Amino acid sequence: MKVAVAGCCHGALDKMYETLELLQRRHNVRPDLLLCCGDFQAVRNEADLRCMAVPAKYRDMQTFYRYYSGEKKAPVLTVFIGGNHEASNHLQELPYGGWVAPNIYYLGYAGVVRFRGVRIGGISGIFKSHDYRKGHFECPPYNQQTIRSAYHVRNIEVFKLKQLKRPIDIFMSHDWPRSIYHYGNKKQLLKMKSFFRQEVESNTLGSPAASELLQHLKPTYWFSAHLHVKFAAFMQHETNSKEELPKATKFLALDKCLPHRDFLQIIDVEHDPNAGDSLEYDAEWIAVLKATNSLVNVTQSSWNMPEKNGLHAKWDYSVTEEAIKEVLEELNHDLKIPCNFTLTAACYDPSKPQKNMEPVHTINPQTTEFCAQFGLTDINDRIQQAKEEGSGRAECEEEEEEEMDSTGSAEEPSEYNTDNSGLSSFNPDEIMLDEEGGDEDLSTCSVDPSPDHPPEFSTSFSDIRIMPDSMAVSSDDATDSNNEELEKSAGSKQVEEKSPTERSLKRIGADENGNSGVKKIKRRNQAIYAAEDDDK
């Protein structure tokens with residue numbers, strides 16, 4: 001079957017689907033499935049816009065709301081993961097995945113589904129070391145910290161995916177797996193994105209968590225986005241035994257969805273001709289969710305996943321064939337995902353704008369039904385309970401403090417840090433647009449998107465390499481994979497090289513006069529919301 005793959009959509013659904021229709025008219029190529037690698041921006045209304053971690057001037061409604069309201073319907077089944085520019089409150093309603101609109105399916109924080117026998121997995125968000133070990137505790141209304149941490153990858157999702165034993169055909173992540181650039185045309189990549197050089201040379205560009213999953217899952221295809229440049233690589237995996245057949249992954253990073261860009265890729269994937277046309281649950285993934293349900297955490301406390309280190313009674317949560325069989329029996333061997341999309345928020349009405357609409361924490365009926373069916377914890381329900389319990393404790397503490405004050409007792413110091421001086425309107429995951437850089441495709445990784453040449457996965461994967469053990473990066477890596485800022489000296493295009501620690505301190509610190517340490521920066525994803533004219 002033919003699968004279309006898109007990079008960062010940024011809410012431009014009309015543009016994306018129009019491109020597919022043009023492809024069909026001109027070349028008689030009709031994809032059976034569309035995959036989107038994050039920054040989908042499923043924005044339903046003004047409240048959703050306020051939950052997107054972008055500067056206010058870039059909060060554009062775009063066109064998703066038309067598909068949400070039913071005014072339009074996606075012409076092809078669309079499956080996507082989340083990135084770092086999303087309506088986080090909307091996606092949070094579906095932690096295990098679900099329909100955000102008819103024919104448009106979100107994979108959740110992490111997920112695996114099947115379509116025509118093809119096994120498709122993905123993980124949403126981007127890696128940030130300081131949030132990696134936390135639980136999913138965020139909920140709207142977000143503050144300036146949680147609006148960003150809400151889309152940061154957590155160790156529990158990586159742990160769940162690492163319990164999978166059966167082969168994965170396609171996997172998606174928003175940010176690139178760390179080290180993948182060593183398996184493609186690195187010279188051409190650095191020519192197009194010269195400000196990647198320091199992180200490439202220090203092997204800190206990309207996500208160590210995604211790299212860990214790449215080495216474990218060894219999918220046939222791995223697609224990413226985030227860096228707004230097209231790049232292909234071919235990675236030959238090491239075998240664990242002489243009996244194991246060698247495996248290789250074709251990696252492709254996609255460009256952003258903009259006019260005059262080859263932002264779509266069409267690939268041919270072997271499928272089961274006897275399988276139906278419906279999106280299906282994956283029985284092994286459901287069994288893994290059930291097995292790991294006790295590990296669900298909705299607190300800000302950092303914690304480690306079980307491992308074989310003598311501290312955990314159980315560390316292997318992979319599932320048996322018997323457990324998979326039980327899931328199939330629960331579903332009467334009908335794995336079809338129900339088309340149970342439900343409106344959970346008011347839809348944007350251009351004739352009646354509501355700029356002051358506030359986001360609310362919503363429990364989606366799809367998630368409620370899914371959790372009830374498989375005996376899983378509804379994460380949002382747990383968060384809501386924790387909030388109510390915390391509110392109750394706070395009220396009791398206030399009453400106790402009032403009683404203590406009335407009797408002249410000394411007030412106890414708070415155990416919580418109430419200093420808000422560290423909060424800033426500057427978003428460390430966001431972009432500065434006043435310094436534009438090259439965002440060109442890599443000529444070795446793309447096909448001229450002219451009317452005479454439909455896009456295809458035609459890159460030559462001749463540079464086959466095996467990752468040495470020294471390049472394996474643990475998810476416990478303390479280096480933040482998104483050390484995204486590279487300072488630019490005035491009047492010069494050369495990057496001033498500093499250590500990751502120095503860059504981090506410069507981002508949030510202050511100078512000796514107490515002024516903010518934030519300066520103009522050049523970010524690797526700096527052109528996310530650039531105007532069309534900048535990309536011609």
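Me: Which helix does histidine 216 lie in?

Reply: Histidine 216 is part of helix α9, residues 208–217, where helices are DSSP runs of H or I with at least four residues, strands are runs of E with at least two, and both are numbered from the N terminus. This is a predicted model, in which local features need pLDDT of at least 70 and side-chain atom pairs count only at pLDDT 80 or more, while totals for chains, interfaces and linings use all residues. Residues are numbered from 1 along each chain as its sequence is written, and side-chain values use heavy atoms, with hydrogens and water left out.

Me: Is histidine 216 buried, exposed or partly exposed, and why?

Reply: Histidine 216 counts as partly exposed because its relative accessible area is 34%; buried means under 20%, exposed over 50%, and partly exposed in between, with a 1.4 Å probe and protein chains only.

Me: What about strand β9, which of its residues are buried?

Reply: In β9, residues 221–224, Tyr221 and Phe223 are buried on one side and Trp222 and Ser224 on the other, and both faces are covered. In a regular strand the side chains alternate between the two faces of the sheet.

Me: And which strands does β9 pair with?

Reply: β9 runs parallel to β8, residues 170–173, with 3 bridges joining them, and it also pairs in the parallel sense with β11, residues 248–253, over 4 bridges; pairing requires that DSSP find at least two bridges between two strands. Phenylalanine 171 has tryptophan 222 in β9 as its bridge partner, and tyrosine 221 is partnered by lysine 250 in β11.

Me: Switching to β2, how is that strand placed?

Reply: Strand β2, residues 33–36, is covered on both faces, with Leu33 and Leu35 buried on one side and Leu34 and Cys36 buried on the other. It is joined by 4 bridges to β1, residues 2–6, and the two run parallel, while 3 bridges pair it with β3, residues 78–80, also in the parallel sense. Valine 3 has leucine 33 as its bridge partner, and leucine 34 has threonine 78.

Me: Which helix makes a β-α-β unit with β1 and β2?

Reply: That is α1, residues 13–27, and the unit is right-handed, meaning that with the strands pointing away from the viewer, the path from the first strand over the helix to the second runs clockwise.

Me: Where is arginine 44, and what does its side chain contact?

Reply: Arginine 44 sits in the loop between β2 and α2 (46–49), and it counts as buried because its relative accessibility is 2%. Its side chain makes polar contacts with those of glutamate 93, at 3.1 Å, and threonine 344, at 3.0 Å. A polar contact is a pair of N or O atoms within 3.5 Å; within protein, one must be able to donate a hydrogen and the other to accept it, and residues adjacent in sequence count only if both atoms are side-chain atoms.

Me: And proline 350, buried or exposed, or in between?

Reply: Proline 350 is partly exposed, since its relative accessibility is 49%, and it belongs to the loop between α11 (321–330) and α12 (365–374).
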